[in-house]
Amino acid sequence: MEKQLKVVKETKGYWRVIFSNPPRNQFDPWTFAELNHLMDVAEADQDLKVIVFESGNKDFFMGHHDVAKRLEVPDEPGAQPFFYKWPDFVTRLINSPIITISKVRGRAYAQGFEFALATDMIFAAKKEAKFALVEAGGGSMPGGGGIEWLTALVGRSRAIEIVLSADEYNGALGEKYGFVNRAFDDDKLDEFVDKLARRIGSFAKRSLLLGKKMINSRAKMPTNGELFQANYILRTIDDWPEANAGGQEMSDLAKKYSEDAVELTLPEMFGKKSGKNDENN
């Protein structure tokens, strides 16, 4: 297996999972295989109660999915057709007996933002965390739960702003808007999340599971059917001329500024494109 996920077993009840897929932590079919395998192992562990997901890359928590490889199915444990099975995975996270926490510093763009939203809690660095659902800027739309979770957390008007602006929101603004539980100065983030995870990990597992089930039943959680519908719509959008044009524009920008520059400032690049269009209009 290509090891992208490093598991650090802090206590019997608490694991940290560190994601590293150089150079920019893109989400690819190997990422998905390892996440599925991780959940198989985690849910079979009777002592484990909480997992904290974090990044080994200070610039990226998790990037967008690798479009060129998204239909590949690796020959390794946990491998599934990512584009079609992602709704099953995030539904699994909702109902898992494991409490999941995303600790975000760096960029959580598109798939990375959607992954964080699917976990039970998000804690972020105030300035260093950068969230964006960039799809609308490229003539597409988020799938796999991004719109559903975001709307449930921040409400209709702010969801419209975040999704349709395709802009970047730091951890402090994420806390204000409601999709981040709490935002901290970068040097305080690790300490807080570690203390919280150890505390949760010390409690009775059956109580934690019952509490999560009860909260889920009272909150507006997207159904598996809604998630599949969103992915189906996204697959349809991929055939739109606007989406094809958006992909070509990103390729052109990558040639002009370098791929690293585009990936590091993706929402800003979409802004450059829109600014050019505004001048022409």
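H64 sits in the loop that links β4 (60-62) to α2 (82-95). Helices (H or I, at least four residues) and strands (E, at least two) are DSSP runs, numbered from the N terminus. The model is predicted: local features need pLDDT of at least 70, side-chain atom pairs count only at pLDDT 80 or more, and totals for chains, interfaces and linings use all residues. Residues are numbered from 1 along each chain as its sequence is written, and side-chain values use heavy atoms, with hydrogens and water left out.

H64 is buried, at a relative accessible area of 17%. Buried means under 20% relative accessible area, exposed over 50%, and partly exposed in between (1.4 Å probe, protein chains only). The side chains of H64 and Q26 form a polar contact of 3.4 Å. Such a contact is a pair of N or O atoms within 3.5 Å; within protein, one must be able to donate a hydrogen and the other to accept it, and residues adjacent in sequence count only if both atoms are side-chain atoms. Beyond four places in sequence, the contacts of H64 (heavy atoms within 4.5 Å) are Q26, F27, Y109, A110, Q111, E263 and L266.

Backbone geometry was examined next. Most residues other than glycine have a negative phi, and most peptide bonds are trans. A110 is not a glycine, yet has a positive phi of about 55°. A110 lies in the loop between β5 (99-109) and α3 (111-118) and is buried, with a relative accessible area of 5%. S258 also has a positive phi, near 95°. S258 lies between α10 (241-257) and α11 (259-264), in a loop. S258 is partly exposed, at 35% relative accessible area. The P22 to P23 peptide bond is cis, with omega near 5°. P23 belongs to the loop between β2 (14-19) and α1 (29-44).
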